[in-house]
Amino acid sequence: MTAFAPDVVESYREAGEILTTVMEESRAMIEPGVTHLEVAEYAEDRVRELGDGLAFPVNISVDEAASHATPARDDDTTFDDGMVCLDIGVHVDGYIADAAVTVDLSDTPELVAAAEDALAAAVETAGPGVPVGEIGAEIEAAIEARGYTPIYNLSGHGVQQYDAHTEPNVPNRGVDRSVELEPGQAVAIEPFATDGRGKVGEGSTEEIFELVADRSVRNRTARQALEQIREFDGLPFAARALDSSRTEMALRRLSQQGIVKGYPVLKESDGTLVSQAEHTILVTEDSTEVITAGLFD
Ligand code: CO
């Protein structure tokens with residue numbers, strides 16, 4: 001028995017190729033004066049044009065923000081001299097490619113190199129039967145070798161059809177964990193490096209949501225929002241993707257009722273910088289395949 005059906009491998013490869021193309025185009029747009037929203041919308045439009053859809057909203061996390069940041073509908077924030085993590089997810093028939101690069105406008109190249117070195121070491125180590133803690137140890141060592149700290153409470157993760165976040169968990173530190181990578185798993189490996197203490201907490205901004213328990217609602221605005229939310233196939237979506245002037249109220253109601261879950265921005269301490277590098281790999285019977293290869297060439 002092979003690890004992946006041939007058509008599944010083809011979908012993953014296609015998702016990876018689309019993602020690589022869109023990432024290269026989008027990262028080239030990031031420069032001072034350009035808005036986060038311009039880049040996010042460009043990337044999201046391109047993903048929809050080339051593939052079946054987004055696996056999650058484009059994440060643009062600047063400076064101490066590490067993850068789950070995406071512009072609001074009316075957001076006019078521009079890039080300045082920051083450290084920009086650009087994280088994009090593409091799916092083809094539900095099969096997900098998830099990757100991230102860091103665009104450095106802050107003149108801190110060693111921090112970017114720390115995350116990229118860590119990713120290269122992790123991908124090199126990964127394979128069927130390899131304990132996830134061993135991959136984490138490689139990540140930690142590579143980041144520390146550049147004089148920085150990995151973010152310990154963020155980790156890589158498996159992806160499955162229409163599921164952007166599943167087992168196995170791949171830590172960004174050398175933990176003693178016996179879980180091993182298995183053939184048939186698609187895994188997003190994503191080291192984060194920082195000049196902070198290596199721990200993110202939740203910020204107050206929340207722009208990314210996910211349908212977690214679909215059931216009927218009485219309120220008309222919430223019901224209309226829920227109808228649109230179902231179109232995302234259970235994948236995370238941005239508040240700005242909903243076509244309603246009363247989106248905020250609808251999402252608040254749906255969250256209160258446990259129908260929708262919000263993902264607050266995850267950030268390090270103020271004044272710190274965070275870099276990220278991410279690939280999605282397929283674990284095969286005797287090896288691995290990087291479906292987003294080419295991103296860091
Ligand atoms: Co990602």
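Reader: What makes the arrangement of the 4 donor atoms around the cobalt ion irregular?

Author: In this predicted model, the 4 donor atoms subtend angles of 56 to 150° at the cobalt ion.

Reader: How do you know which protein atoms are donors of the cobalt ion?

Author: Donors are N, O and S atoms within 2.8 Å of the metal. Asp87 (OD), Asp87 (OD), Asp98 (OD) and Glu278 (OE) lie 1.9 to 2.5 Å from the cobalt ion, so these atoms qualify.

Reader: Why is the pair Asp98 and Glu278 said to tie together parts of the chain?

Author: Asp98 belongs to strand S4, whereas Glu278 lies in the loop between strand S13 and strand S14, so the pair joins parts that are 180 residues apart in sequence. Both residues are buried.

Reader: Why is the pair of Phe4 and Tyr12 called edge-to-face?

Author: The ring centres of Phe4 and Tyr12 are 5.9 Å apart, and rings pair if their centres lie within 6.5 Å. Their planes stand at 75°; over 60 degrees counts as edge-to-face, so the name applies. Ring pairs also link Phe4 and Tyr12 with Tyr95 in a cluster.

Reader: How do you know that the charged end of Lys261 sits over the ring of Tyr263?

Author: The charged end of Lys261 is 4.6 Å from the ring centre of Tyr263, and the distance limit is 6 Å.

Terms used: Residues numbered from 1 in each chain as written. Predicted model: local features only at pLDDT ≥ 70, side-chain atom pairs only at ≥ 80, totals over all residues. Heavy atoms only, no water. Donors = N, O, S within 2.8 Å, 3.2 Å for Na, K, Ca; no water. Tetrahedral: all angles 85-135°; square planar, octahedral: opposite > 155°, others 65-115°. Helix = DSSP H or I, 4+ residues; strand = E, 2+ residues; numbered from the N terminus. Buried < 20%, exposed > 50% of the residue type's maximum accessible area, 1.4 Å probe, protein only. Phe/Tyr/Trp six-rings, centres within 6.5 Å; stacked < 30°, edge-to-face > 60°. Lys NZ or Arg CZ within 6 Å of the ring centre and 35° of its normal.
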